[in-house]
Amino acid sequence: MNTFMRWAGCFVVLFIAAPLVIVVPMSFSNASSLQFPPPGYWLGYYRSYFTDMDWLIPTWNSILIASATTILTMALVVPATFALVRHKFRGKGFADLMMLMPMAVPHIVMAVGYYSYFGELKLVHTHLGVILAHTCLSVPIAFLVLSANLKGFDRNLERAAQSLGASPTQTFLHVTLPILRPGLIISSLFAFIQSFDETVVAIFISGRDAETLPRKMFDSIRQEADPVIAVISTLLFFLVMIGIAAPYFASALRSRVPKPSRPASVAY
Amino acid sequence: MTSYLELSNITKTYGHFTALENVSLSVDKGEFVTFLGPSGSGKTTTLMIIAGFEKATGGTVKVGGLSISELAPHQRNIGIVFQNYALFPHRSAVENVYFPLQMRGVSRAKGMKQAEDMLSLVGLKGFGHRHPKELSGGQQQRVALARALVFEPSLLLLDEPLGALDKNLREQMQIEIKRIQRSLGVTTIFVTHDQSEAMSMSDRIVVFERGRIEQAAAPLDIYHRPQTSFVASFIGESNLIPATICCAGNKTAKSLALGSVDYAGADNVLLDGQEVTLLIRPEHIKLSRNPVDGRRNAFMTVETIVNYGDNALVIGRAGDIPLRVRVLGADVVIIKEGEECCVSWTPDSVFVITK
């Protein structure tokens, strides 16, 4: 690789990564609004985040809504995926399409739709309204992840379990579920993150009562550019980093546990 | 001895397609029976009906005198080894083998001990803690076998279990499976499309073709006394020569290509003028430069010689009939491609097929 390409590559990486990293020093800043480089450093904005109810309530709302969205999404997606992947029926193609529709329609269109429709149902400005709307947006993501997993699932494993004496319920609990566990975890994680991160629909329908963290951050940056935003961004950034790194640490720890030595006997 | 596994008039249709038609078969306790046939011949469908994964359109399956047709797969107590082994990836080898015992309510301590013992029997002592992906193909095969046998099933079904292994390993596993099957005395159905596997392992071979049983007999009977042209051509190499019985009293048939051919016997009553097919195996034909006294001789034009070292296959034509002759490697030097030579055989090596 020539030098120019290398420098170009570094520049692109820097350009993409800079906004991620720039919030970290800004969160320790003592400026009264977002400012870079910071004039001085202190931890005051961390204290105000963890003590100010104006921030803690939206955080709690977001966690609550994302958790409920995840549970509702999985309750819908797991049976739907089994039906759509394993069975043939009339209208299957249409059902497949409808599952993925919320991903294709722009969020702003969905948001306007929810605003007027949920208004009629008295669901605007309620937790339930946001949960339902977010579930709708999470379903296609969870479905895509889980159906890819289920398509790769070897059905002979279930047949083997049955031939070995497992009833259909036992087969599901002892074989199907444990083997699909990684797919289930990842699709619930995506459903959770989708909801936690979602802003457009939240701005339209969450209101003051069910205000989510992204909505609060959006309002705040428009009105006062409170550096607490940098604190939250930093915390979320490190939370995600830990999430990504955790599996590596876990496997590194596991491989340090000594395994029983290789037996001398030879088998083919 | 009364039969142990009994299939009576099993029929399976998918819409207008008939996958199996009146398949009936009796298998003795402890017998090793191979279902042999090309793909789509119905052998795997039959196996799946015995296992309970497919429902027969008609007919019954009995084991030990009791019908199992209405039982769900998990109630049948039948061990199955799948072509891809279907080991549970989230369980170690010994936990895989423990699974059927766990499902039967055996305590973990007792079941794991039993599973370890079964792994020793299949030659995997000390490999129990490994997960399937840490085992070679042959080892996975052994785990699958141990898992299918540990609960003392009433039947063992093997669905092309050696298909994924390379040639050397396949031969080792043939011997292994046979040894384990004998030592446990479990009644076994083995499905394969590999005729040499069927010949070397089975007590009896059942040849399937187009959803029917063509013939069910001991391997050597299948080879030497095939009842249909399909069986003759599917098992081993064969020369099939159309002929007409010209004199049943003298045991002589007439063929356009080879002239008069004497035969030693036939399984059916033959009538003068009957159209038949004569089977002569390539290794029973003798090749010579000049006619051999005391034998029926015919002339063949040699087209291709394929050398295998210890033996050679000579392909030629007698009249309009293609002939294949197996000769020892040392004998092949007497002829060249394009030459004409003599082929001869004894009446003992001619078998008359009426179907």
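## Chain B

Chain B comprises eight helices and 20 strands, where helices (H or I, at least four residues) and strands (E, at least two) are DSSP runs numbered from the N terminus. The model is predicted: local features need pLDDT of at least 70 and side-chain atom pairs pLDDT 80 or more, while totals for chains, interfaces and linings use all residues. Residues are numbered from 1 along each chain as its sequence is written, and chains are lettered from A and ligands numbered from 1 in the order in which they are written.

Along the principal axes, the C-alpha atoms of chain B fill a box of roughly 75 × 45 × 40 Å. Among contacts in chain B (C-beta atoms, placed from the backbone, within 7 Å) between residues at least 6 apart in sequence, 64% join residues at least 24 apart.

## Helices H6 and H8 of chain A

In chain A, helix H6 (residues 127-151) packs against helix H8 (residues 168-197) at an angle of about 160°, with the axes 8 Å apart; axes are lines fitted to C-alpha atoms over the stretch in contact, and angles run from 0 to 180 degrees between N-to-C directions. H6(A) is therefore roughly antiparallel to H8(A), a term for angles over 145 degrees.

Residues of H6(A) in this contact include His134(A) and Leu150(A), and those of H8(A) include Leu180(A) and Phe190(A).

## Interface of chains A and B

Contacts link 20 residues of chain A with 29 residues of chain B. On the side of chain A that touches chain B, H7 (155-163) and H8 of chain A each give two or more residues. H7(A) supplies the largest share, six residues.

Methods. Angles under 35 degrees count as roughly parallel, over 145 as roughly antiparallel, 65 to 115 as roughly perpendicular and the rest as oblique. Two residues are in contact if their C-beta atoms, placed from the backbone, lie within 7 Å.
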